[in-house]
Amino acid sequence: MMRLIRILAQALMAVRAFKVRTFFCLVSVALGISAITVIVATTEGAFHEAYLMVERFGPDSLMVIAGSDEARAVGQRTKTITLADVEAARQAFTSAYLTAPLMAVEGTTASYKNNKYQTLIIGSTSDYSSAWSWPVIEGSDLSENDVIGLKNVGLIGQDLLRELFGTENPVGKFVMVKQVLVQIIGVLSERGMSPTGVNLDNRLIMPVSTVMRKIINETRYVTLFRIRFLDQENLGHYENEMKLFLRQRHALADDQPNDFRIISPMEIIKFLVALTGSLIVFLGLAGVICLIGAGFVLANLFLLSVKERTREIGIRRSIGAKKGDILFQFLAEAVMITTAGGVVGFLLGLVSSKLLTMVAEFPIYFSWKSAVVGLLLSWAIGIGFGLQPASRAANLEPIKAVRE
Amino acid sequence: MDEITQPMVLMDQVTKSFRIADQDVAILKGIDLNVRRGEFVAVMGPSGSGKTTLMNLIGCLDVPTDGRYVLAGRDVTKLTDDELSVIRNEHIGFVFQNFCLIPYATVYENVLLPSLYTMKSKNDAAGRAVDLLRMVGLEHRTRSKPALLSGGEQQRAGIARALINSPELLLADEPTGQLDSRTAEDIMKLFVRMNADHKTVIIITHDPNIAGYASRIVRIKDGLMET
């Protein structure tokens, strides 16, 4: 044991003595590892993002959207889900603790004093905030009475709030929407961008009855509804049930496609993976190429070094170093350099990913994982590409070596 | 035979041949050599006589093609590479013509080098290195790199290194070949001192003045001992 430590000390001495070799090997490994670090952090970021989105979406909830892509493509109507459907679902699915219809009206202008802003009007029930896990942080939530009484009240999103009110407190003030005066009663918390780049904070939430009757004059159909279940683990089962339930209610024949679409948390994850997948593959490829390049730089410089240090190796062998000792020393030199490269690379990755997030919306999440992956890879390069030069060093004949 | 009277080096009809251009060339053609413990022997011979090959065999840097070699009572003819490394480390101190110090290590670190590879668990090398450096008169150069030292100083560091593991046998290959005659004399006096200190010393040289320090001269010519 002490013997190994003494040989490690020799390796460290050589790493410090051959500065040019150490520098170039370290830099090339660091570049490769930094790319890998960014990739791991991005992958983790994507998963983290997916997890957050599922949390926000509600891991226990399904979203049923009227119309389907196929239906839309062939010009069939997309108004398919009625308020009655939603009510029927509420009664049919006894393990659902929350069912909320939603009516979306896009591109509506809301104004306050001289400020005008295009926004998304959403009609829903008093369950909206809890259905979307989206808390009201100021004022009060929509009530059942607001829905029953077709009240002209609304909850305002942070972005719309900034555009219309600036720093003014909106609670109690009136906003004009399509000749209807809507009193703001509550403020929603900040939510940011959706993965498709939609600003979620630009919206106004009103009672679904008010939106249907007073804003767009609609009596039956809604855009979608959302349903949350007590037993999250059976969600897949409920998704199928819901499909059959709606097909039956809409009297669809077996050969007809669904006239609605069900979105589950799984689907969100799939979507996000598809979105970031190609980026990760590209970065991964770049990182692997970088690392292999670093490996060849290391192997080459070490082979040169073995040649240059033939005499040293001969001296060590003649005074009692075994082949294994020489192998161990050179491998240790390689691994020490690549480990340092790994550490530098990790820091470089940290900095460059900060820069990346500045230029583009980029899911980056650093945890011990990216550090561990970087470290393991740097050891793998040190051993993998250091082995050949090291075994060449170990197999030099001591006589020839000393004579040179 | 007990420890004292058994020979340090005992070679019995040792041959060594190398394959050069598809031909076996015999360098040593049957060497019988007996060096007793505590002897100071000079091996002399013209270049090409095989004295360096003999030195490699004595030093366990190479194995004989045929014959038998017993070092300090142990038959080393058929040992593996690792076993030979241990023998070199524990029983033999090497002094080279071109000093063979590691350039990026200090004098002190160079002296310690053989002690790094020792298998023995008890190892008071650090203290011994200081003593040895004082003995060879280099106590003021311990932290210097070898390149800053004169040839004589480098060779004295080499001798200190050879002694660090307290080997029974000191083996020197033209140790004064790169030194002027005054410095050479100093170095040879060190070997005489070591010999007085019960070390067996074998020196390979072609210089009769150097061989003169030995108590016995063995001559080798065309791969054979001259009697």
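B:Ala72 is buried, at a relative accessible area of 17%. Buried here means under 20% relative accessible area, exposed means over 50%, and partly exposed lies in between, with a 1.4 Å probe and protein chains only. The model is predicted: local features need pLDDT of at least 70, side-chain atom pairs count only at pLDDT 80 or more, and totals for chains, interfaces and linings use all residues. Residues are numbered from 1 along each chain as its sequence is written, chains are lettered from A and ligands numbered from 1 in the order in which they are written, and side-chain values use heavy atoms, without hydrogens and water.

B:Ala72 sits in the loop between strand S4 (66-71) and strand S5 (74-75) of chain B. Helices (H or I, at least four residues) and strands (E, at least two) are DSSP runs, numbered from the N terminus. The phi of B:Ala72 is positive, near 50 degrees, in a residue other than glycine. B:Ala21 likewise is not a glycine and has a positive phi, about 45 degrees. This residue belongs to the loop between strand S1 (7-20) and strand S2 (23-36) of chain B. B:Ala21 counts as exposed because its relative accessibility is 71%.

Chain B as a whole contains seven helices and ten strands. Its radius of gyration is 17 Å, in agreement with the value near 17 Å for a compact globule of 227 residues. That radius is taken over C-alpha atoms, and the globule rule is 2.2 Å times the number of residues to the power 0.38. Along the principal axes, the C-alpha atoms of chain B fill a box of roughly 50 × 40 × 40 Å. Of the 227 residues in chain B, 55% are buried. Contact means heavy atoms within 4.5 Å. Among contacts in chain B between residues at least 6 apart in sequence, 74% link residues at least 24 apart.

Chain B carries 26 positive and 29 negative side chains, and the centres of the two sets lie 4 Å apart. Lys and Arg count as positive and Asp and Glu as negative, leaving out His and the chain ends. Charges are placed at NZ of Lys, CZ of Arg, CG of Asp or CD of Glu.

The largest nonpolar core has 62 residues, and B:Val9, B:Met11, B:Ile58 and B:Leu71 have the most contacts inside it. Helix H12 (residues 323-359) of chain A gives the most to this core, with five residues. Another core, of 43 residues, lies apart from it and includes A:Ile81, A:Ala89, A:Met103 and A:Leu246. Such a core is a set of buried Ala, Val, Leu, Ile, Met, Phe, Trp, Tyr and Cys residues joined through side-chain atoms within 4.5 Å. Beyond four places in sequence, B:Leu71 touches residues including B:Met8, B:Cys60, B:Ile87 and B:Leu169.

In chain A, A:Asp60 occupies the loop between helix H2 (19-57) and strand S1 (61-66). A:Asp60 counts as buried because its relative accessibility is 10%. Leaving aside neighbours within four places in sequence, its contacts include A:Tyr97, A:Arg228 and A:Leu235. The C-alpha atoms of A:Asp60 and A:Pro265 are separated by 8.0 Å, though the residues are 205 apart along the chain. Helix H11 (residues 310-318) of chain A is mostly covered, with eight of its nine residues buried. Among them are A:Glu312, A:Arg316 and A:Arg317. A:Gly320 follows H11(A) and has a positive phi, near 125 degrees.
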